[in-house]
Amino acid sequence: MVYIFFSPVPIMRLLEIVTSIETSEETLNRVQFYGKEINKESVIAQDYPGFIVNRILLPMMNEAAFLVMEGTAPEEVDRGLMLGANHPIGPLRLADQCGLDTTLYALESLYEGFSDSKYRPCPLLKRMVEAGHLGRKSGKGFYDY
């Protein structure tokens with residue numbers, strides 16, 4: 001069993017619990033109790049690449065990168081998701097905060113783990129990482145910091 005905290009840990013309330021075929025009910029209950037003790041809310045995921053959050057979030061950030069590659073301004077993409085899907089932050093600003101290198105690595109892991117082209121990393125994302133544009137931590141990503 002694995003449990004995953006989301007960054008920044010003091011702010012994010014989610015604890016993603018990843019169970020395996022061998023995880024007992026007692027172990028799962030103990031981890032859920034621990035999560036409550038530290039004021040986290042848990043979700044239970046199966047042991048497949050990306051689990052729950054990253055399996056949904058990473059393709060969205062990747063598709064946002066494709067939109068920028070095709071000529072849409074990052075601000076428009078982020079604003080569209082904030083207004084149209086009620087997200088508190090846009091997918092490109094979030095990718096910048098996570099680190100574009102981290103985002104790329106996670107997408108490559110999904111792509112390799114499922115052998116499914118829907119997880120193929122955006123070429124622009126690869127080029128940005130190769131150029132050292134890693135987002136907030138390097139001062140330049142989809143936005144300048």
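Mentor: Lys-140 and Asp-144 are joined by a salt bridge in which the closest N and O atoms are 3.0 Å apart, a salt bridge being a side-chain nitrogen of Lys or Arg within 4 Å of a carboxyl oxygen of Asp or Glu. Lys-140 counts as partly exposed at 34% relative accessibility, whereas Asp-144 counts as exposed at 59%; here buried means under 20% relative accessible area, exposed over 50%, and partly exposed in between, with a 1.4 Å probe and protein chains only. The model is a predicted one, in which local features need pLDDT of at least 70 and side-chain atom pairs count only at pLDDT 80 or more, while totals for chains, interfaces and linings use all residues. Residues are numbered from 1 along each chain as its sequence is written, and side-chain values use heavy atoms, with hydrogens and water left out.

Side chains of opposite charge can pair when their charged atoms come close. A search of the whole structure finds three salt bridges, and another of them is formed by Asp-101 and Lys-137, at 2.9 Å from N to O. Asp-101 belongs to helix H5 (residues 100–114) and Lys-137 to the segment after helix H6 (123–130), so this pair ties together parts that are 36 residues apart in sequence; helices (H or I, at least four residues) and strands (E, at least two) are DSSP runs, numbered from the N terminus. Asp-101 is partly exposed, with a relative accessible area of 25%, and Lys-137 is exposed, with 53%.

There is also a salt bridge between Glu-41 and Arg-13, whose closest N and O atoms are 2.5 Å apart. This pair links distant parts of the chain, since Glu-41 lies in strand S3 (residues 41–46) and Arg-13 in the loop between strand S1 (2–5) and strand S2 (14–19), 28 residues apart. Glu-41 is partly exposed, at 46% relative accessibility.

As for the setting of these pairs, the protein has six helices and three strands, which run β-β-α-β-α-α-α-α-α from the N terminus on. Its side chains include 14 positive and 19 negative ones, and the centres of the two sets lie 4 Å apart, where Lys and Arg count as positive and Asp and Glu as negative, with His and the chain ends not counted.

How values were computed. Charge placed at Lys NZ, Arg CZ, Asp CG, Glu CD.
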